Amino acid sequence: MSKPGGAMEPLGAARRRPPAMAAPALLPLLLLLLTLALSSCGGAAAASGAPVGEDYVRPPARPRGGQRKALLGLFPWSKKKASASASDPQQVHISLSGEKHMRITWVTDDNSVPSVVEYGTTSNTYTSSSNGESTSYSYLMYSSGKIHHVVIGPLEDNSIYYYRCGGRGSEFQLKTPPSQFPLSLAVVGDLGQTSWTTSTLNHIKQCEYDMLLLPGDLSYADYMQHLWDTFGELVEPLASTRPWMVTQGNHEKERIPFLKSGFQSYNARWKMPYEESGSTSNLYYSFEVAGVHVIMLGSYTDYDESSDQYAWLKADLANIDRKRTPWLVVLLHVPWYNSNWAHQGEGDSMMSAMEPLLHAAHVDIIISDHVHAYERTERVYKGGINPCGAVHITIGDGGNREGLARRYHNPKPLWSVFREASFGHGELKIVNSTHAHWTWHRNDDEEPVRTDDVWITSLAGSQCVQDSSREFRKILMSP
């Protein structure tokens, strides 16, 4: 298939539209496309002739009332603002916790509040309850509230549940993800707590999505622990209704030599299903949703071939059934394919160690952030276009306080398809076992503008799997 400029897309590459289909198969696809159109994010595509990509120059933010300011003016070690009642749940967010289960996390100022969640399918009628665990931590002059983690379930797929935390306070509502395609995933990175963050979250709220993926750099607290609290309050309206699956970035480290080990705050507040996936660290884990196997890797823990993370990854990949989960998606913080001047080469050592393994496992998409801009590649492997490689997406543009990375290397590498220095978010709609539709929505202040979109074909049913099955077995059996 030809692309703009006359270049030919390699076999198995990301495509801008689904391939032609026989007439009997056309109607179901059209129905699915109609479903996608009805449930897509608000806003419109970029106007014809309007600058996009590297030609786009982001204008200054337009002033408007009621938008949240960056939260850097507060005294660094100040206590979080007290809620209406010390026993009320704060900073509520949910995440998957194994098949048909959900973890509910919240904070209270009152240490006597029990770690219990009541829930049911009718508002204010709770037919089930679950008990969980709690933790807290101190960081220099800061002391956290009581952090509760409670797993509820088993839950029905694609269903609304109402729940109450700690036996008191407001009622919350969540929706479980579907067990079958289609599946819609909102994707955002380097989120932070600025006015741009607020715009991005408002745009995501307009989407009909089943889950949110965030590959690191959540709160931008950077040692100022009260910013973890304000971040939890900021994202609660979204994170309490759909599961947020996250991994760590450099801003989660917060290590102080001889005083504090890294990731203390992150691990206490954002517990992910690492134990459920056989991992020994909250910094890397995996989960399955509908027909997708998602792997969250740690860019800031050991990843060489002798590391625990590498051994866990081999075991996790060996257990994947591509007939049951035909899509394989990986998230990590530091990008491996990056034509921006920012953070050049930082992912090279991790890529050297893990790319052969992920390639042999036929990973479809690798999503990262860290670079404060957007970029999408062709299918790539070992630095070049490869029809059996992964599509790499960099989406470090959620709205962080450090601003955008505006400088790109020129000429643009052959593997780089689209790049733009602007804030925004992505949406991955997996339509069926073979086709997914990726869109990137520029954060254009009042509304999201769909600026990049592409159809991606899964490698699960391709010749790539048959051609490299021996290579995969060889890697898995290596010591």
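These are my notebook entries on a predicted model of one protein chain.

**Ground rules**

I number residues from 1 along each chain as its sequence is written, and I work with heavy atoms for side-chain values, leaving out hydrogens and water. Since the model is predicted, I ask for pLDDT of at least 70 for local features and 80 or more for side-chain atom pairs, while totals for chains, interfaces and linings use all residues.

**Entry 1: the whole chain**

I started with the secondary structure and found seven helices and 25 strands. Both are DSSP runs numbered from the N terminus: helices are H or I with at least four residues, strands are E with at least two.

Next I looked up burial. Of the 479 residues, 56% count as buried. For the cut-offs, buried is under 20% relative accessible area, exposed is over 50%, and partly exposed is in between (1.4 Å probe, protein chains only).

Then I checked contacts, meaning heavy atoms within 4.5 Å. Taking contacts between residues at least 6 apart in sequence, 71% join residues at least 24 apart.

The accessible surface is about 19600 Å², and 53% of that belongs to carbon and sulfur atoms. I got areas by the Shrake-Rupley method with a 1.4 Å probe; for residues, only the protein chains shown count as cover.

**Entry 2: a nonpolar patch**

I went looking on the surface and noted a nonpolar patch of Leu 140, Met 141, Phe 258 and Leu 259, with about 570 Å² of accessible area together. A patch here takes residues with over 30% relative accessible area and no salt bridge, joining like charges within 9 Å and nonpolar side chains (Val, Leu, Ile, Met, Phe, Trp, Tyr) within 5 Å. Leu 140 sits in the loop between strand 7 (138–139) and strand 8 (142–143). Its relative accessible area is 46%, so Leu 140 is partly exposed.

Further along, Ser 144 is in the loop between strand 8 and strand 9 (146–152). Ser 144 has 11% relative accessibility, so I put it down as buried. I also looked at Arg 269: it is 125 residues from Ser 144 along the chain, yet their C-alpha atoms are separated by 9.8 Å.

**Entry 3: two helices side by side**

How do helix 2 and helix 3 pack? Helix 2 (residues 195–205) and helix 3 (residues 226–239) meet at an angle of about 10 degrees, axes 10 Å apart. That is why I call helix 2 roughly parallel to helix 3. Axes are lines fitted to C-alpha atoms, for helices over the stretch in contact, and angles run from 0 to 180 degrees between N-to-C directions. Under 35 degrees counts as roughly parallel, over 145 as roughly antiparallel, 65 to 115 as roughly perpendicular, and the rest as oblique.

From helix 2, Thr 197, Thr 198, Leu 201, Ile 204 and Lys 205 meet Leu 234, Val 235 and Leu 238 of helix 3.

I also picked out Glu 236 in helix 3. Leaving aside neighbours within four places in sequence, Glu 236 contacts Gln 90, Gln 91, Val 92 and Phe 172. Ile 94 is 142 residues from Glu 236 in sequence, but 9.3 Å away C-alpha to C-alpha.

**Entry 4: salt bridges**

How many salt bridges are there in the whole structure? My search gave 14. I count one when a side-chain nitrogen of Lys or Arg is within 4 Å of a carboxyl oxygen of Asp or Glu.

Glu 118 and Arg 164 make one of them, at 2.9 Å, N to O. Glu 118 is in strand 4 (residues 116–120) and Arg 164 in strand 10 (residues 160–165), so this pair ties together parts 46 residues apart in sequence. Glu 118 is partly exposed at 21%, and Arg 164 is partly exposed at 24%.

Arg 442 pairs with Glu 420, closest N and O atoms 2.7 Å apart. Arg 442 is in strand 24 (residues 435–444) and Glu 420 in strand 22 (residues 416–420), 22 residues apart. Arg 442 is buried at 5% relative accessibility, and Glu 420 is buried at 0%.

Most residues other than glycine have a negative phi, and most peptide bonds are trans. I noted a cis bond from Gly 153 to Pro 154, omega near 5 degrees, and a cis bond joining Phe 181 and Pro 182, omega about 5 degrees.

Tyr 220 has a positive phi, near 55 degrees, and is buried at 1% relative accessible area. Glu 254 has a positive phi too, near 50 degrees, and is buried at 3%.
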